[in-house]
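Open the model in your viewer and keep the selection panel at hand. This tour goes stop by stop, with something to pick at each one.

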Number of protein chains: 2
Amino acid sequence: MTQALKFRQAPSPLKASCHQCSLSNLCLPLAIQDNDLDSLEDIVQQGRIYSRGEHVFDQSTPFRSCFAVKSGSIKTSIITEGGEEQVTGFFMPGELVGLDSMSGESYACTAKALERTTVCEFPIDKLEELTGKLPELQHHMYHLMSQEIQNSHQLAMLLSKNTAEERIASLLLSLSSRFQRRRMSPTNFSLPMARNDIANFLGLAVETVSRVFTRFQNQGIIRARGREVELLNVEALQMVTREFSRQGCQQ
Amino acid sequence: MTQALKFRQAPSPLKASCHQCSLSNLCLPLAIQDNDLDSLEDIVQQGRIYSRGEHVFDQSTPFRSCFAVKSGSIKTSIITEGGEEQVTGFFMPGELVGLDSMSGESYACTAKALERTTVCEFPIDKLEELTGKLPELQHHMYHLMSQEIQNSHQLAMLLSKNTAEERIASLLLSLSSRFQRRRMSPTNFSLPMARNDIANFLGLAVETVSRVFTRFQNQGIIRARGREVELLNVEALQMVTREFSRQGCQQ
DNA sequence: CGTCCAAGTTGATGTAAGTCAAACCGTACT
DNA sequence: AGTACGGTTTGACTTACATCAACTTGGACG
């Protein structure tokens with residue numbers, strides 16, 4: 001660790017500044033008035049920097065906090081007794097990780113940084129206390145959790161009804177819109193996760209994911225080199241996801 | 001409708017009595033002190049009786065309330081633009097329906113009574129107001145929503161990793177434990193849903209569900225006649241669900 | 001009590017995606 | 001520069017389950 005770093009990194013927990021955060025229109029601050037922002041800042045802790053592969057938290061360890069992704073990205077997954085992994089989600093800047101763990105003493109999943117990642121930490125007891133005082137914040141928490149239930153239902157639907165192509169098209173479009181929300185290119189981005197994670201998340205074999213990527217590429221729908229992806233024909237992708245609406249329709 | 005019924009059914013909304021409800025140890029009252037129970041009773045409305053097949057609420061209609069199942073059972077499902085149905089859950093007495101709809105103006109799914117069913121209705125604005133005042137109730141709401149996220153992740157896992165037999169064994173065991181919580185026989189119960197619903201929920205074809213049922217029956221694990229089910233060998237069922245933990249293990 | 005229709009079962013066949021195996025990167029490390 | 005090792009791609013073969021089709025059961029109802 002260099003001298004310079006030592007100076008900048010004060011002994012954590014370091015207070016984060018929601019006021020100055022560029023993600024305040026995506027993250028929790030989105031829900032509350034400017035003058036209540038201070039009380040949120042009072043409870044949030046600046047998390048440390050996680051490098052690729054590091055665990056932000058581990059399944060079955062005591063549940064203390066939810067984490068908002070500040071930069072980078074996080075993958076959450078459940079590990080079964082048998083050692084099987086199931087990826088349950090990918091989290092990008094402005095998104096809140098840990099909502100599935102609010103029903104027990106310990107984390108319901110493991111959160112792993114997919115790249116160099118920074119987070120803000122919200123200790124759960126303080127967060128609950130605060131949401132009790134700020135109805136809009138409470139409402140937003142309900143909103144976020146409900147959203148996550150819906151997302152998960154959507155995933156279940158994808159897994160049970162859709163083909164490999166449809167699943168991958170859906171994922172690409174989901175990522176695309178999430179990049180767009182952050183004012184980044186919706187058609188030209190770099191996948192934060194490995195093919196393996198995509199496969200696991202979508203209930204496919206790695207080989208299948210690979211094959212679909214090349215098939216899409218050959219059809220001129222996308223261009224992919226490693227993790228770099230370019231969506232050449234978004235409409236075609238949307239067609240693929242809705243392909244299953246072929247109720248007597250010939251195409 | 002008989003005379004007697006007309007007398008008992010006062011013009012709704014009728015106030016429900018949580019104090020006297022036999023489900024108070026499963027439902028929302030579980031979370032709060034006896035002296036706060038009155039404030040919960042103040043907001044809850046006695047719902048009407050739904051007969052089999054009736055909708056309790058419909059996807060895309062304005063979201064007003066969450067519903068606790070009092071008797072009977074409810075199936076929730078999403079209908080896609082293409083008209084495809086995806087069953088997202090089954091709800092039994094004491095369970096809360098509608099948590100996935102708290103992020104929008106309208107219900108995220110359709111809730112249909114699987115049999116003659118009664119519910120208690122919690123208007124969402126009043127419920128939010130109350131959870132702002134009762135920290136334990138707020139905590140419980142977080143708990144329930146988090147649980148639902150976990151359930152849905154569990155389902156996704158089942159759908160993406162497990163065989164037809166494993167999925168059905170899991171469902172049977174889940175139902176079993178939910179009957180048990182209600183002090184009913186965990187080994188001898190009647191399925192509230194049709195084979196079709198089971199198939200849809202588990203991402204299988206009806207025929208497959210049927211075949212697995214008979215296979216289990218031939219193996220002496222269960223006895224099934226229509227919707228009547230008897231679990232003859234719970235351990236065997238548990239073995240089936242964990243079968244995928246065969247990492248080099250010979251059995 | 002017979003009729004009817006939906007729900008459930010059983011059998012035969014097709015297929016999307018898994019599995020196994022091998023080659024091919026890209027990049028990190030000595 | 002050479003080696004080593006994930007991650008990725010491609011091909012050949014297998015399989016669990018879907019699909020299609022026929023038959024059976026059972027409860028609602030005149």
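Predicted model: local features only at pLDDT ≥ 70, side-chain atom pairs only at ≥ 80, totals over all residues.

**Stop 1**

Select residues 10–158 of chain A and colour them as domain 1.

**Stop 1: where the domains of chain A touch**

How many residues of domain 1 of chain A are in contact with domain 2 of chain A? There are 19, and they meet 16 residues of domain 2. The area buried between domain 1 and domain 2 of chain A is about 1,600 Å². Carbon and sulfur atoms give 59% of that area.

**Stop 2: charges and polar pairs across the domains**

Stay on the interface of domain 1 and domain 2 of chain A. The rule finds 3 salt bridges across it. It also finds 7 residue pairs in polar contact there, both residues at pLDDT 80 or more.

Next, pick strand 6 (85–91) and helix 4 (135–161) of chain A. These are the elements that give two or more residues to the side of domain 1 that touches domain 2. Which of the elements gives the largest share? Strand 6 of chain A does, with 7 residues. By class, this side of domain 1 of chain A has 10 nonpolar, 4 polar and 5 charged residues.

Then show the side chains of A:Glu95 and A:Arg181. They meet in a salt bridge, with N to O at 3.1 Å.

**Stop 4**

Select A:Glu85 and A:Lys75. Their side chains form a salt bridge of 3.2 Å, N to O. A:Glu85 lies in strand 6 of chain A and A:Lys75 in strand 5 (residues 74–79), so the pair ties together parts 10 residues apart in sequence. Over all chains, a search of the whole structure finds 14 salt bridges.

**Stop 3: chain B against chain A**

Bring chain B into view. Here 43 residues of chain B are in contact with 43 residues of chain A. The area buried between the two chains is about 4,100 Å², and carbon and sulfur atoms give 58% of it. Show B:Tyr142, B:Ile149 and B:His153: in chain B, they lose the most area to chain A. Together they account for 17% of what the chain B side buries.

How many salt bridges are counted between chain B and chain A? The count is 0. Polar contacts between chain B and chain A number 29 residue pairs, both residues at pLDDT 80 or more.

Colour strand 6 (85–91), helix 3 (124–133) and helix 4 (135–161) of chain B. Each gives two or more residues to the side that touches chain A. Helix 4 of chain B gives the largest share, 20 residues. By class, this side of chain B divides into 13 nonpolar, 22 polar and 8 charged residues.

**Stop 4**

Finally, select the interface residues of both chains. Of those in chain B, 100% are also interface residues in chain A, so the copies meet through the same surface.

Note on methods
Residues numbered from 1 in each chain as written. Chains lettered and ligands numbered in written order. Heavy atoms only, no water. Domains from an automatic or database assignment. Contact = heavy atoms within 4.5 Å. Buried area = accessible area lost by both parts, 1.4 Å probe. Salt bridge = Lys/Arg side-chain N within 4 Å of Asp/Glu carboxyl O. Polar contact = N/O pair within 3.5 Å; in protein donor to acceptor, adjacent residues only side chain to side chain. Helix = DSSP H or I, 4+ residues; strand = E, 2+ residues; numbered from the N terminus. Nonpolar A, V, L, I, M, F, W, Y, C, P; charged D, E, K, R; others polar.
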